[in-house]
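Me: I am new to this structure and would like to go through it step by step. Could you show it to me and begin with the terms I will need?

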Amino acid sequence: QVQLVESGGRLMQAGGSLRLSCAASGRTFNNYPMGWFRQAPGKEREFVAASSWSGSITYYADSVKGRFTISRDNAKNTVYLQMNKMKPEDTAVYYCAAGGNIYGKGYTYWGQGTQVTVSS
């Protein structure tokens, strides 16, 4: 089992930057690819970004490519999502997840989510 706890979500102005954190505990964190997903009101949850277990390979949704960066610190059992040039359409509950692949498929462990709201 892996337990995941997200933090860092808040109300933002468009164009600003925010970093989300996800602290993992339980089974060995650095064995897993880690991902970030988001769910906007009235929409299905969508893939945002993922990192290989080493952090050397990352993959992003087209909607965030060039603006968001996923990184991880395996010594701290933490994965991050740096969000820059934020837009109102980035408003969503953001979830971190573990156990899937670099392309956002097959994730089995999920956090509770953290709310990010971007005002125009």
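Reply: A nonpolar core is a set of buried Ala, Val, Leu, Ile, Met, Phe, Trp, Tyr and Cys residues joined through side-chain atoms within 4.5 Å. Buried means under 20% relative accessible area, exposed over 50%, and partly exposed in between (1.4 Å probe, protein chains only). This is a predicted model, in which local features need pLDDT of at least 70 and side-chain atom pairs count only at pLDDT 80 or more, while totals for chains, interfaces and linings use all residues. Residues are numbered from 1 along each chain as its sequence is written, and side-chain values use heavy atoms, with hydrogens and water left out.

Me: How many residues are in the largest nonpolar core?
Reply: The largest nonpolar core contains 34 residues. Those with the most contacts inside it are Leu 4, Trp 36, Leu 81, Met 83 and Tyr 94.

Me: Which strand gives the most to this core?
Reply: Strand β9 does, with 5 residues. Strands here are DSSP runs of E with at least two residues, numbered from the N terminus.

Me: What is Leu 81 in contact with?
Reply: Leaving aside neighbours within four places in sequence, Leu 81 is in contact with several residues, including Leu 18, Trp 36, Val 48, Ile 70 and Tyr 94. Contact means heavy atoms within 4.5 Å. Leu 81 also stands opposite Ile 70, with Leu 81 being in β8.

Me: How do β7 and β8 run?
Reply: They run antiparallel and are joined by 6 bridges; two strands pair if DSSP finds at least two bridges between them. The two form a hairpin with 4 residues between them.

Me: Which residue in that turn has a positive phi?
Reply: That residue is Asn 77, whose phi is about 50 degrees although it is not a glycine. Asn 77 is partly exposed, at a relative accessible area of 29%. Lys 85 likewise has a positive phi of about 50 degrees without being a glycine; it is found in the loop between β8 and β9 and is exposed, with a relative accessible area of 59%.

Me: Back to β7: which side chains point to which face?
Reply: They alternate along the strand.

Me: What is β11 joined to?
Reply: Strand β2 (residues 11-13) runs parallel to β11, with 3 bridges between them, and the bridge partner of Gln 13 is Ser 119. Strand β9 runs antiparallel to β11, also with 3 bridges, and Tyr 94 stands opposite Thr 114.

Me: New topic: which residues form the aromatic cluster?
Reply: The cluster is formed by Phe 37, Phe 47, Tyr 59, Tyr 103, Tyr 107 and Trp 110.

Me: Phe 47: buried or exposed?
Reply: Phe 47, which lies in β5, is buried, with a relative accessible area of 16%. Its C-alpha atom is separated by 5.9 Å from that of Gly 104, which is 57 residues apart along the chain.

Me: Where does the charged end of Arg 45 sit?
Reply: The charged end of Arg 45 sits over the ring of Trp 110, 3.7 Å from its centre. The charged end of Arg 45 also sits over the ring of Tyr 95, 5.3 Å from its centre. A charge sits over a ring if NZ of Lys or CZ of Arg is within 6 Å of the ring centre and within 35 degrees of the ring normal.

Definitions and conventions
Rings of Phe, Tyr and Trp (its six-membered ring) pair if their centres lie within 6.5 Å; planes under 30 degrees apart count as stacked, over 60 as edge-to-face and the rest as tilted.
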